[in-house]
Amino acid sequence: MKLFKHIAYIMFLFVAFTACQKEDERPVGLKPVVKSDSLSAVVSVNSPGTYLATKGTLKINVGDSTYTFDAATDSVAFITVELDSTQYFGITAINKEHTLSFGISSAGIARPDTNATIAGTQLLLSTEEKGTIQYTLPKYISPGDIGKLYLIKFQQDSTLSRGTFYTTLATKGKSTYQRATGTFNLIK
């Protein structure tokens, strides 16, 4: 249960960090609020290995649907955090419309040619027709179905990170599981 809470906390950090990183459209007269104790300040100060991608894509396939984030317009970040002396790395994204968000993480140190077991993942969709749909890593799943996050390139030349992943997701409130696969190619 403690591990599940840690993973949930990490996923919260991922989504919160990217939630407003590229918010450049504000109503006239409103200025951004900057607090010294804001989450983004904590993440950026305490996580020097956290980067917001400027170009590239993150694609997620779940069932017969494909979801794509474009780092030029959406907020897509590669994040590293340390929690209880364990290091985690992952990718988090939220689209410009704030109707789609995704986060995936693995325990370990981010480096090229790393194949790490998934520690947590979450996909949130918000549509007018169906409301909010939440996919998460199932709590009770066999180790072989948890999935892997494979970093092919990391911090090489202009590449922030490039790789693939697969995992199993459960829809909140349902007992069915779906395989999710994805690719990412993010530029600094």
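**Contacts, aromatic rings and loops in a predicted model**

Modeller: In this predicted model, 54% of the contacts in the chain with a separation of 6 or more come from residues 24 or more positions apart.

Biologist: How much of the chain counts as buried?

Modeller: The chain has 188 residues, and 41% of them count as buried. As for the surface, the chain exposes about 10,400 Å², of which carbon and sulfur atoms supply 53%.

Biologist: Let us turn to aromatic residues. How many aromatic pairs does a search of the whole structure find?

Modeller: The search finds three aromatic pairs. One of them joins Phe78 and Phe89.

Biologist: Why is the pair of Phe78 and Phe89 called stacked?

Modeller: A pair of aromatic rings is described by the distance of the centres and the angle of the planes. For Phe78 and Phe89 the centres are 6.1 Å apart and the planes stand at 20°. Planes under 30 degrees apart count as stacked, so this pair of Phe78 and Phe89 is stacked.

Biologist: What about Phe78 and Phe154?

Modeller: These two residues form a tilted aromatic pair, with 4.9 Å from centre to centre and 40° between the planes. This pair also links distant parts of the chain, because Phe78 is in strand 4 while Phe154 is in strand 9 (residues 147–156), 76 residues apart. Phe78 and Phe154 are both buried.

Biologist: What do the ring pairs make of Phe78, Phe89 and Phe154?

Modeller: The ring pairs link these three residues into a cluster.

Biologist: A new topic: where is Thr167 found, and is it buried or exposed?

Modeller: Thr167 is found in strand 10 (residues 159–171). Its relative accessible area is 1%, and since buried means under 20%, Thr167 is buried.

Biologist: What lies 2.7 Å from a polar atom of the Thr167 side chain?

Modeller: That is the backbone oxygen of Ile146. Leaving aside neighbours within four places in sequence, Thr167 is in contact with several residues, among them Ile118, Thr121, Leu137, Asp145 and Gly147. Gln178, Arg179 and Ala180 are also included in its contacts.

Biologist: And Ser101, where is that?

Modeller: Ser101 is found in strand 6 (residues 100–107), and it is buried, with a relative accessible area of 6%. Its C-alpha atom is separated by 9.8 Å from that of Tyr67, which is 34 residues apart along the chain.

Biologist: Now the loops. What is phi of Ser85, and where is its place?

Modeller: Phi of Ser85 is near 65°, a positive value in a residue other than glycine. Ser85 has its place in the loop between strand 4 and strand 5. With a relative accessible area of 67%, Ser85 is exposed.

Biologist: What is phi of His98?

Modeller: Phi of His98 is near 60°, a positive value in a residue other than glycine. His98 lies in the loop between strand 5 and strand 6. Its relative accessibility is 35%, and His98 counts as partly exposed.

Note on methods: Residues are numbered from 1 along each chain as its sequence is written. This is a predicted model: local features need pLDDT of at least 70, side-chain atom pairs count only at pLDDT 80 or more; totals for chains, interfaces and linings use all residues. Side-chain values use heavy atoms; hydrogens and water are left out. Rings of Phe, Tyr and Trp (its six-membered ring) pair if their centres lie within 6.5 Å; planes under 30 degrees apart count as stacked, over 60 as edge-to-face and the rest as tilted. Helices (H or I, at least four residues) and strands (E, at least two) are DSSP runs, numbered from the N terminus. Buried means under 20% relative accessible area, exposed over 50%, partly exposed in between (1.4 Å probe, protein chains only). Contact means heavy atoms within 4.5 Å. Accessible areas come from the Shrake-Rupley method with a 1.4 Å probe; for residues, only the protein chains shown count as cover. A polar contact is a pair of N or O atoms within 3.5 Å; within protein, one must be able to donate a hydrogen and the other to accept it, and residues adjacent in sequence count only if both atoms are side-chain atoms.
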